[in-house]
Amino acid sequence: MAVVGSTGGSRRVEAAAGSRWAPLPAWRGLLRALLFALLAAGSCQGNSVERKIYIPLNKTAPCVRLLNATHQIGCQSSINGDTGVIHVVEKEEDLNWVLADGPHPPYMILLDGNLFNRRVMLQLKGTSRVSGLAVAIAKPSPPQGFSPGLKCPNSGFGVYSKDYGPQFAHCNSTVWNPVGSGLSYEDFDFPIFLLEDANETQVIKQCYQDHNVPHDGSGPEYPLCAMQLFSHMHAVTSTVTCMRRSSIQSTFSLNPEVVCDPLLDYNVWSTLQPINSSGKVDPEKEVIIVATRIDSHSFFWNVAPGAESAVSSFVTHLAAAEALHKVSDVHLLQRNIMFTFFQGETFDYIGSSRMVYDMEKDKFPLRLDNIHSFVELNQVALRNDSVLWMHTDPVSRRNESIQTQVKNLLEILSNSSVGGKVTLQEVGFSQPLPPSSFQRFLRARHIPGVVLTDHRTSFQNRYYQSMYDTPENIRMEYPEGLSPEETLEYVTNTAKVSRMLYGFLIKMNNSWFQSIIKPDIKVILGDVPQHYVAVSSPVNTTYLVQYVLANLTGTVVNLTKEECLNPEKTPHTEKEMYEYAWVQGSLDPNSTTRVPYCVRSTVRLSKALSPAFELREWGSTEYSTWTESRWKEIRARIFLVASKELEIITLVVGIAILIFSLLATYFINAKADVLFSIPRDPGAAAY
C-alpha cells in the first residue's frame, strides 16, 4: 500500500513542480485525439460538402455506344467525364454563341427538343467548342415528326437482296420511314443526355439565367454555371474488336474485363393446342404462325415507349390469342396456331432469325416444313378509315403454288373483316414487304404469308423509333382527375385491351399486372414502361407478355403451391405439354394479403440471341451482330465554376502552404528534443 501511495504522491508532486511543461507522451496523445476527431468529422462531412457544391441530375437517360460487325454508333464521354459552361439553345440563332462568339468554351448545351435534329447535331459534331449536350423533351411532340431511325429499317437483313428481288432491296421502290434521319446510327465523341424531369430542366435554366446570360453581346463574369456528364464506354470500333478483346480476357485473365455484351433476350410463344416442347411436331402436322415484335428503340438508352411501333401490335396480338382460345370448338381446327412474340427485331431481326436458325438445326419443336402460313401484325394503331392493309411478297408469289395459297389467305382474311369495325384490304399493286419478321422466314423458305399494317406505303408513324412514340401518338387519352386504379379500369374500347395498353404504355406497376406474375419477379414492375431489348434477360416486357398471355389463354388449376412449382412430381400434369406458374393473385378484399393460384398454359420462352454469337461469327453479314458497350458509371450534375485565373491562384497558394507546412514540420521534427524537452526537477536530485 505504501508503494502505491508513494507512487501516486510522487506523480502529483511531479505534475505540480513542472506545471509549465507537460510530458511529451501527453502531447502526442492529445495530437492523436485531435487528428482522429478531424478525420472522423471529415468523413462525416465529405458528402455534405459535395452536396453543397454539386446538384445531381437524377432523372436522365444517356446515349450509349452500340456496335455491329463494321462500326460503332452512339455517344460517350472521356474517362473522367466531360465538363463545360452551360448555354441554353432554344432557337438556331443561339448556336452562334456556342460555335463562334462565346468566350468560355467548351460549352455544355441545354438543347430544346424541337432543335434535336440531324442538321443541328452535325453542326455540333464538327466542333471542339462543344463538350456535351443535354436535351429537353419537346412538349408537345415536334409536329413535323421526329425519327432518329433509318429511312430503310433493317436494310440488308431482310429477304430482299441482289439475289432476291433486287428491285426492292434497300428500299429502292418504297421508302418506309421517310422522316428517318439516321441520327441514332451516328457516332458522337461527346456525351448526350436526355432530361426526363421538367423540374430538373428548370433548375438548369435558372442556374443559366443567374450566372451565364450574356450581357450586351459580352461574356458573363465568373462564377459560371457548368455541367458535368459521365458516360465513358469501354468498347470501341466494332463488335469484332470488342468481342475478341472480351474473349481474350476470358481465356487468359483470372478477373476478365468484358467490354461489350450481345443484345439478347427471349421470344415468347404459345400454341392454341398443346404440343410436346421436348419433342418434334410430326412433319404432316401444319401450323399457322401469328407473329409480332415486342421491342422498340430510341436515341437514348432504355427510352423506348414504342406505342405504335411495338405495343399497338402486340396488344392486338394478345387480344386475338385470348379470343381464339375462347372459341368453343377450337379443337376441331385442322391446323394448330402458334402465337409468337419476337424480341430484338429492331436490331436486324434478332428474335426471328434465331427462331428460324433453331428450326433449321432441329433445336425447336417445329421445323420450317411444319409452317403452313404466316400472319404478322405490324404497326396497326394509326389507321385511316379503320383500314388495315395486307402486304405480301411479290417475288415468292411468282411461284404458282405460293400464289394460290396467298390468294386463299387474303380471301379468308378479307371475309373475316366483313361487318367488323376494321376492314382488311390488299395494297393493290406490286410492292415489297415492309420491314417485318416474316422476311427472315422467307429468307429460309418460300412460305405463304401476309403482313398487316395501318400504312399502305410509307409509315403513318412520324415518331418511329423515337422517344415521342408515346400513348399520345396513338391518341390514348384519359379524363383528368382519375386515380391510377380508375385509369386502369377506364374502358376506351374493350376492357382487356384498355388495361393492356395502360399497363404497357403508362404504368406497369398496377394491380392487374401485380396479380398475374410470380411473387419472386414482382420487382420488374417499374413505373414507366420501356421496351428496349437490352443485354440482361428477360427484360420487363418479355416477362409481362409471357404472364399476360398465360393469364389470357391459360387455365386456373387446382394444385397446391408445391405441386404447381414441381409439376413433374405430380401425376397427370403433362409437364411436356404445359407450363405451370404460381402467381401472386389479387388482394383479398378483407385484408392486405393476396390469394395466389396456379395457372397452366402453353406459353414458353425461347432464346433470342443472334446465331452470329452462337457461331462466333462476329463479322457476319447474315445475322445481326449488335452489341452494347459496358460502362462504369452514368451520371450528370451541375455546379458553379471559377475563372481559370482564380483556379491558378488557388493552386499556387495551396502549393505554397504545402511547402511551408513541410518545412515547418521538418524544422519542428529536427528540434523536437529542444522544443519538447522536460526540465529536471532540482528538488528531486537529492533523492
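Where in the chain is the place of proline 140? The legends below take us there and to some other spots. This is a predicted model, in which local features need pLDDT of at least 70, side-chain atom pairs count only at pLDDT 80 or more, and totals for chains, interfaces and linings use all residues. Residues are numbered from 1 along each chain as its sequence is written, and side-chain values use heavy atoms, with hydrogens and water left out.

**View 1. Proline 140 sits in the loop between strand E7 (130–136) and strand E8 (192–195).** Helices (H or I, at least four residues) and strands (E, at least two) are DSSP runs, numbered from the N terminus. The peptide bond leading from lysine 139 into proline 140 is cis, with omega near 0°. Another cis peptide bond links proline 105 and proline 106, where omega is about 0°. Look for proline 106 in the loop between helix H3 (95–101) and strand E6 (107–112).

**View 2. Eight strands line up in an open sheet.** Follow the order E1-E23-E9-E5-E6-E7-E8-E2, and note that the pairing is mixed. Strands E1 (55–56) and E2 (60–62) stand at the edges with a single partner strand each, so one side of each has no neighbour in the sheet. E1 runs antiparallel to strand E23 (residues 635–641), and two bridges join them; two strands count as paired if DSSP finds at least two bridges between them. Within this pair, isoleucine 55 has isoleucine 638 of E23 as its bridge partner. In a regular strand the side chains alternate between the two faces of the sheet.

**View 3. Strand E20 (residues 597–601) pairs with strand E18 (residues 555–557) and with strand E19 (residues 579–583).** The pairing of E18 with E20 is antiparallel and has three bridges. E19 also pairs with E20 in the antiparallel sense, over five bridges. Which residue of E20 is the bridge partner of valine 556? It is valine 599. Valine 599 is likewise the bridge partner of alanine 581.

**View 4. Helix H7 (residues 307–325) packs with helix H14 (residues 540–553).** Their angle is about 25° and their axes are 9 Å apart. Axes are lines fitted to C-alpha atoms, for helices over the stretch in contact, and angles run from 0 to 180 degrees between N-to-C directions. That angle makes H7 roughly parallel to H14; angles under 35 degrees count as roughly parallel, over 145 as roughly antiparallel, 65 to 115 as roughly perpendicular and the rest as oblique. H7 passes H14 in a right-handed crossing. A crossing is right-handed if the near helix is turned clockwise from the far one by less than a right angle, and left-handed if anticlockwise. On the H7 side, the contact (heavy atoms within 4.5 Å) includes Phe314 and Leu318, and on the H14 side Val545 and Leu552 are among the residues. The residues of this contact divide into seven nonpolar, three polar and one charged. Here Ala, Val, Leu, Ile, Met, Phe, Trp, Tyr, Cys and Pro count as nonpolar, Asp, Glu, Lys and Arg as charged, and the others, Gly among them, as polar.

**View 5. Helix H12 (residues 495–505) packs with H14.** Here the angle is about 165°, with the axes 12 Å apart. That makes H12 roughly antiparallel to H14. The crossing of H12 and H14 is right-handed. Lys496, Met500 and Phe504 of H12 meet Leu544, Val545, Val548 and Leu552 of H14. These contact residues divide into six nonpolar, no polar and one charged.

**View 6. H7 also packs with H12.** The two helices make an angle of about 145°, and their axes are 10 Å apart. H7 passes H12 in a right-handed crossing. Among the contact residues are Val311 and Phe314 of H7, along with Met500 and Leu501 of H12. The contact residues divide into eleven nonpolar, no polar and two charged.

**View 7. Aspartate 348 has a positive phi of about 60° although it is not a glycine.** You can find aspartate 348 in the loop between strand E13 (336–342) and helix H8 (350–360).
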